[in-house]
Amino acid sequence: MEEQLNEQIPHKKRHNLEPFRDSSRTRVLRFWLNVVFMVGAVAGLLCYYKWDHEVAKWILVVASLFKFVELTLRILKI
């Protein structure tokens, strides 16, 4: 039974350690959205531990919005 199932589903074998080839049109945009997110996250954490917690909270919220946009583009494969 298992052999029949494997024969019916043709798919290319890919090793788990093989890098994922991303050929989407939004690759560069997603890269920069990630850069903005990382810079915002670091700035938010620095602000949180050094200065004002309220300002840091809003910096982290805005940084998270950039990550959410990047994640949406990646999941929808736009």
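Predicted model: local features only at pLDDT ≥ 70, side-chain atom pairs only at ≥ 80, totals over all residues.
Residues are numbered from 1 along each chain as its sequence is written, and side-chain values use heavy atoms, without hydrogens and water.

The protein chain holds three helices and zero strands, where helices (H or I, at least four residues) and strands (E, at least two) are DSSP runs numbered from the N terminus. The order of elements from the N terminus is α-α-α. Of the 78 residues, 15% are buried; buried denotes under 20% relative accessible area, exposed over 50%, and partly exposed the range in between (1.4 Å probe, protein chains only). A contact requires heavy atoms within 4.5 Å. Among contacts between residues at least 6 apart in sequence, 53% join residues at least 24 apart. The chain exposes about 7,200 Å², of which carbon and sulfur atoms supply 67%; accessible areas come from the Shrake-Rupley method with a 1.4 Å probe, and for residues only the protein chains shown count as cover.

Helix α3 comprises residues 53-76. Its 24 residues reach 34 Å from the first C-alpha to the last, close to the expected 34 Å at 1.5 Å a residue; the expected span is 1.5 Å times one less than the number of residues. Buried in α3 are A56, A63, E70 and L73, and their cover includes α2 (27-50).

L71 also lies in α3, and it counts as partly exposed because its relative accessibility is 31%. Together with F68, I75 and L76, L71 forms a nonpolar surface patch with about 410 Å² of accessible area.

A search of the whole structure finds two aromatic pairs. Rings of Phe, Tyr and Trp (its six-membered ring) pair if their centres lie within 6.5 Å; planes under 30 degrees apart are stacked, over 60 edge-to-face, and the rest tilted. F31 and W32 pair edge-to-face, at 5.2 Å centre to centre and 80° between the planes. F31 is partly exposed because its relative accessibility is 49%. Y48 and Y49 also form an edge-to-face pair, at 5.2 Å and 90°. Y48 is partly exposed, at 35% relative accessibility, whereas Y49 is exposed, at 67%.

Methods. Patch = residues over 30% accessible without salt bridge, like charges linked within 9 Å, V, L, I, M, F, W, Y side chains within 5 Å. Salt bridge = Lys/Arg side-chain N within 4 Å of Asp/Glu carboxyl O.
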